[in-house]
Amino acid sequence: MPIRQLPEDLINRIAAGEVVERPASVVKELVENSIDAGARRITIATAGGGMDLIRITDDGHGMGRDDLMLSVERHATSKLSEDDLDDIRTLGFRGEALASIGSVSRLSVASRPADAETGLAVVVDNGRRTGPMPQAMNRGTVIEMRDLFAQVPARRKFLKSVRSESAAITDVVKRLAMANPEIHFILEGSDRMMSNWPAISGEGALAARLGQVMGADFVENSVTLATARHGVVVAGMAGLPTYTRANSLSQFYFVNGRSVRDKVLVGAIRAAYADYVFRDRFPVVALYVAIDPAEVDVNVHPAKAELRFQDQGAIRGAVIRAIGMALAAAGFKASNSVAEDILGAFTAPEMAPAPEPIGYTPTLAPPRPTSYSYAPTTAPLNFDRSPGRFSGFTEPSARVEAAPEMPEIVDYPLGTARAQMFDNYIIAQNDTGLLLVDQHAAHERLVYERFKAQLASGPVASQAQLIPIVIELPEEDCTLLEEAAPELEKFGLYLDRFGPRAVAVRETPALLGNSDVHGLVRDLADGLAEWESAAALTDRMEAIIGRMACHGSVRSGRRLRVDEMNALLRDMESTPHSGQCIHGRPTYVELKKGDIERLFGRSR
């Protein structure tokens with residue numbers, strides 16, 4: 001077939017395929033235009049999931065006759081200065097949104113600038129334009145789209161249900177509201193419950209808007225990001241490592257005020273939380289990055305949802321640094337979500353009623369050994385405070401000692417130890433409530449952080465074994481450990497091949513004390529087999545020291561004296577990230593006095 005010039009209406013429909021993917025795409029384009037027009041109040045009304053109706057009303061600058069007529073033409077825009085695509089400072093700049101929308105729907109645009117007595121309206125019905133005509137209205141712009149894809153049934157049949165399309169619109173408006181806290185957003189319609197996000201200004205405006213959109217629970221369980229370095233500004237809020245979700249839908253990214261999806265930012269978030277969360281859990285984050293517009297290309301996607309950074313490494317490093325600093329400043333703080341789950345389970349309306357009391361007959365049988373240990377605070381303090389070492393553990397005993405006088409409560413954030421339950425959980429009390437601490441998980445984090453600190457300043461200190469520890473392993477595991485031996489020495493572990501099916505451990509990390517060396521070496525051998533090569537050890541540093549910390553921490557089943565329990569609590573208070581173990585689980589749960597009273601119905 002010969003080459004021919006396509007007709008204008010077909011060109012517009014092809015362009016609409018790039019810009020108008022679904023009703024949510026229309027909302028995004030139109031609301032971004034309102035934001036660029038300086039609007040401070042934007043109302044979005046929908047019907048039929050946006051397929052039947054989308055109406056955007058704003059109080060922006062408005063348009064005069066000439067601008068109004070040009071606004072529905074293709075490739076017409078007021079947002080590019082001197083045709084410079086390297087200096088994009090507005091949300092919209094392609095200049096084809098209204099023309100594309102009007103080619104696949106019935107579109108009306110009415111606008112009135114501040115210096116006009118009345119407004120004007122133009123109508124584009126599936127590519128056919130009429131107007132302008134007078135329109136009585138306030139200052140600003142009203143854009144109404146009806147019957148999306150009504151004359152393009154092949155496109156309409158691929159749209160999802162009304163509920164799904166409505167949810168997509170809500171998500172788009174939510175992101176725009178998060179990026180613009182100074183604007184009042186109203187989302188309403190016959191297909192939804194109304195959402196109203198009033199404008200917020202001044203200090204704390206961003207946190208307040210995130211509380212409006214994402215919930216006060218997120219703000220309470222997150223840290224503030226605020227860093228600027230080498231022209232990259234990182235702001236927003238990042239959830240505590242124990243405040244996670246099962247998917248990444250609660251991660252929001254904004255670059256220069258534009259909501260985006262970018263693999264560099266996604267990877268940076270994953271790396272920043274690598275030490276703190278399960279691999280199948282996702283932190284909750286609202287991340288804002290500001291950068292020179294010349295350093296980022298926003299013109300790589302028709303919907304402007306993706307972008308390309310000129311210096312990806314600088315952006316990644318800035319995000320990781322900002323989140324790392326904020327989480328470190330949070331110290332031992334953990335989210336209150338675990339405690340809230342406990343309270344919710346006990347105070348649920350459908351909770352079964354308490355059983356009727358039954359008769360009780362005292363017996364002369366001797367009491368059973370309890371599962372907790374307790375010692376008076378007047379006991380001699382022989383707790384070894386050197387890094388990572390606990391000494392003088394109480395050996396398990398079937399004898400039950402009389403409970404001594406309760407120790408005085410000291411105003412520490414994590415309280416004063418009161419008892420140990422099930423040989424693993426420390427019960428502590430502070431001025432406001434009760435805390436349950438997982439001793440193994442908590443000490444695991446402490447050892448891990450000390451490992452990282454020592455590695456940052458050089459090889460980990462080691463201690464020689466009086467007699468080398470010989471460990472028998474399969475021949476292939478011995479070969480992997482032998483190849484990795486030079487790298488393992490950086491972590492304070494020195495071993496040699498000892499025959500075809502054994503290795504001899506000569507020195508172990510001093511931080512581990514008298515740890516389970518056999519279990520540690522076998523665990524490392526399993527890891528090396530999974531990582532396929534010894535060369536991957538440097539990249540797997542966190543995994544290696546995580547394994548070492550796990551084997552070198554206070555184990556479950558070890559009884560601690562009160563002075564040892566208190567020493568562990570004080571170390572937690574002074575160690576970053578101690579609110580969660582290296583596997584992402586919380587190390588402690590706090591119940592306020594009011595929460596405990598709720599459990600027993602005393603707050604009624």
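In the predicted model, Arg570 lies over the face of Tyr412, at 3.7 Å from the ring centre. A charge is taken to sit over a ring if NZ of Lys or CZ of Arg is within 6 Å of the ring centre and within 35 degrees of the ring normal. The charged end of Arg245 also sits over a ring, that of Tyr243, at 4.7 Å from its centre. Residues are numbered from 1 along each chain as its sequence is written, and side-chain values use heavy atoms, with hydrogens and water left out. Because the model is predicted, local features need pLDDT of at least 70 and side-chain atom pairs count only at pLDDT 80 or more, whereas totals for chains, interfaces and linings use all residues.

Tyr243 is also part of an aromatic pair. Rings of Phe, Tyr and Trp (its six-membered ring) pair if their centres lie within 6.5 Å; planes under 30 degrees apart count as stacked, over 60 as edge-to-face and the rest as tilted. By this rule the count comes to two aromatic pairs. The ring centres of Phe218 and Tyr243 are 6.5 Å apart and the planes stand at 40°, so this pair is tilted. Phe218 belongs to helix α8 (residues 216-220) and Tyr243 to the loop between β10 (232-239) and β11 (244-245); the pair thus links distant parts of the chain, 25 residues apart. Helices (H or I, at least four residues) and strands (E, at least two) are DSSP runs, numbered from the N terminus. Both Phe218 and Tyr243 are buried, where buried means under 20% relative accessible area, exposed over 50% and partly exposed in between (1.4 Å probe, protein chains only).

The pair formed by Phe254 and Tyr288 is stacked, with 4.7 Å centre to centre and 15° between the planes. Distant parts of the chain are again linked, as Phe254 is in strand β12 (residues 251-255) and Tyr288 in strand β15 (residues 285-290), 34 residues apart. Phe254 and Tyr288 are both buried.

The chain contains 17 helices and 25 strands. Of its 604 residues, 47% count as buried. Contact means heavy atoms within 4.5 Å. Among contacts in the chain with a separation of 6 or more, 70% are between residues 24 or more positions apart.

Helix α2 (residues 23-36) packs with helix α6 (residues 162-179) at an angle of about 25°, and their axes are 8 Å apart. This makes α2 roughly parallel to α6. Axes are lines fitted to C-alpha atoms, for helices over the stretch in contact, and angles run from 0 to 180 degrees between N-to-C directions. Angles under 35 degrees count as roughly parallel, over 145 as roughly antiparallel, 65 to 115 as roughly perpendicular and the rest as oblique. The α2 and α6 crossing is right-handed; a crossing is left-handed if the near helix is turned anticlockwise from the far one by less than a right angle, and right-handed if clockwise. In α2, Pro23, Ala24, Val27, Lys28, Val31, Glu32 and Ile35 meet Glu165, Ala168, Ile169, Val172, Val173 and Leu176 of α6.

Helix α12 (residues 439-457) and helix α16 (residues 562-573) pack with their axes 10 Å apart, at an angle of about 50°. The arrangement makes α12 oblique to α16, and the crossing of these helices is left-handed. On the α12 side the contact is made by Gln439, Ala442, His443, Leu446 and Arg450, and on the α16 side by Leu568, Asp571 and Met572. Leu455, also in α12, counts as buried at 19% relative accessibility. Arg547, in helix α15 (residues 541-552), is buried with a relative accessible area of 19%. Its C-alpha atom is separated by 9.0 Å from that of Tyr448, 99 residues apart along the chain.

Most residues other than glycine have a negative phi, and most peptide bonds are trans. The peptide bond from Gly131 to Pro132 is cis, with omega near 10°, and Pro132 lies in strand β5 (residues 128-135). Asn126, in the loop between β4 (119-125) and β5, has a positive phi near 50° and is buried at 8% relative accessibility. Phe149 likewise has a positive phi, of about 60°. Phe149 lies in the loop between β6 (140-146) and α5 (153-156) and is buried, with a relative accessible area of 0%.
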